[in-house]
Amino acid sequence: MSQSLLPAISALAQTQFQSDVPRPPVTLPSGEPIFSPPKDSYDVSVRIDQRLFDPAIQPRLALTRADLAESQARLRATLFTLRHEVNEAFFTAALLQEQMRALAATIAELDTRLRETAARVREGSALASDAAAVEATLLQQRQQDEELRANRGAALARLARLTGHAIDADAALALPDLAAAVEQARNGLDTLRARPEYVQFERARDRAARQQDLVSAQERPQVSAFGRVGYGKPGLNFIDDRFESYAVAGIQLQWKAWTWGAPGREREALALQQSIVAAEEAAFSDSLRRSIQADLATIDRLQGALTIDERILALRDTVDRTARARFEEGVVTASEYLDRHTEWLRAQLDQTRHGVELAAARARLLTTLGLEVR
């Protein structure tokens, strides 16, 4: 039951002294008044009011619910911005993870080449500078691996902080396949309204509508019953100079018959507020459409880049294998081989980076549109 329907109980205690009191027009033969009311009075009472008919009760409850719904929608819209931070931390960690994998293959390759070169130096078939060049490059790659590992740990720690879940430092992150979801979103951009801000706008309009209902209801009359019991001097008999108990009960009608046009002005203000909400919603939609143009262009660019990356990596792989074979035969120096292998590694890292950037751009697009990234 709403508290508005429950009886209201109040207590009152008062004492007063008045300079004059009613006097009877008739006096006794002696000239004394028939009665003489006391000039001091004392009263303690309890009053109970019960609404019998109040047209504003339901509109007031509806407005309270609308206020709560709008506050919840505003909170969800505020928390939604954290999704972009989660995406950034996740894909940063994922990119570093893929770079570490590519670097691990290079470290293993260089470690093998170092052992072979060292053996050839001992046999006199290779120069000591060749082994030194391979070892220096190997140490540089291991140093880079440590840097990537530290940065990935920081990204995972940030991700764990944002999500509230512990993430192991060795946890493998899988890139989501979002191609189908992005294509579906692109086809429905004109009608898509998944962002929580749209719910917030709707709740704001609903709250204004409920306020208008309440304004209209408050113009109608209200009926309530009341009862009062008390103890005082005088009681209901104001000519009695004794303390006595008393009781009063009745029904009252309350109606603001003339309000100087205040409800009309309030309704105009609420209508203006709804217009403002509609304008804010339109501006938000336009801003949303503009903000995704960069991501759409990035997605298209990276899709083409990955196709080229695949061809570049295949060519670099062929050159690297040829250089490795010639280095093993002693035809080329270690520096020449390392240059070709570094070019292969750079191609591998470019392909990895473009793949992660494409997944990140797709996730950013879906998040911006308010869609779930799975």
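Which residue in β4 does Gln222 stand opposite? Gln222 faces Gln254, and that pair is a handy way into the sheet described below.

## About the model

This is a predicted model, in which local features need pLDDT of at least 70 and side-chain atom pairs count only at pLDDT 80 or more, while totals for chains, interfaces and linings use all residues. Residues are numbered from 1 along each chain as its sequence is written, and side-chain values use heavy atoms, with hydrogens and water left out.

Helices (H or I, at least four residues) and strands (E, at least two) are DSSP runs, numbered from the N terminus.

## The sheet

Let us start with the strands. Four of them form an open sheet in the order β1-β2-β3-β4, with antiparallel pairing. Two strands pair if DSSP finds at least two bridges between them. At the edges sit β1 (8-17) and β4 (244-254), each of which pairs on one side only. From one strand to the next, the twist averages 20°; angles run from 0 to 180 degrees between N-to-C directions, and axes are lines fitted to C-alpha atoms, for helices over the stretch in contact.

Now for the pairings, one by one. β1 and β2 run antiparallel and are joined by 10 bridges, and here Phe17 has Asp40 in β2 as its bridge partner. Between β2 and β3, also antiparallel, there are 11 bridges. Ser45 has its bridge partner in β3, namely Gly230, and Val46 stands opposite Val229 in β3. Strand β3 (residues 222-233) is joined to β4 by 11 bridges, again antiparallel; Arg228 stands opposite Val248 in β4.

Contact means heavy atoms within 4.5 Å. Leaving aside neighbours within four places in sequence, Ala249 is in contact with Phe226 and Gly227. The C-alpha atoms of Ala249 and Gly227 are separated by 4.1 Å, although the two residues are 22 apart along the chain.

The loop between β3 and β4 holds Pro234. A cis peptide bond links Lys233 to Pro234, with omega at about -5°. As background, most peptide bonds are trans, and most residues other than glycine have a negative phi.

Helix α1 (residues 57-80) has 24 residues and spans 35 Å from its first C-alpha to its last, close to the 34 Å expected at 1.5 Å a residue. The expected span is 1.5 Å times one less than the number of residues. Among the buried residues of α1 are Ile57, Leu63, Glu70 and Phe80. The buried residues of α1 pack against β2 (40-53), α2 (82-123), α5 and α8 (334-369).

Helix α2 has 42 residues and reaches 61 Å between its first and last C-alpha, close to the 62 Å expected. Within α2 lies Gln97, which counts as buried at 6% relative accessibility. Apart from neighbours within four places in sequence, Gln97 is in contact with Arg152, Ala171, Ala172 and Leu173. Just after α2, Gly124 takes a positive phi of about 85°.

How do α5 and α6 lie relative to each other? Helix α5 (residues 196-218) and helix α6 (residues 262-291) pack at an angle of about 175°, with their axes 10 Å apart. They are therefore roughly antiparallel to each other: angles under 35 degrees count as roughly parallel, over 145 as roughly antiparallel, 65 to 115 as roughly perpendicular and the rest as oblique. By class, the contact of α5 with α6 has 13 nonpolar, 6 polar and 7 charged residues. Here Ala, Val, Leu, Ile, Met, Phe, Trp, Tyr, Cys and Pro count as nonpolar, Asp, Glu, Lys and Arg as charged, and the others, Gly among them, as polar.

Thr368 has its place in helix α8 and counts as buried, at 8% relative accessibility. Setting aside neighbours within four places in sequence, Thr368 is in contact with His84, Arg195, Leu288, Ser291, Ile292 and Asp295.

Conventions. Buried < 20%, exposed > 50% of the residue type's maximum accessible area, 1.4 Å probe, protein only.
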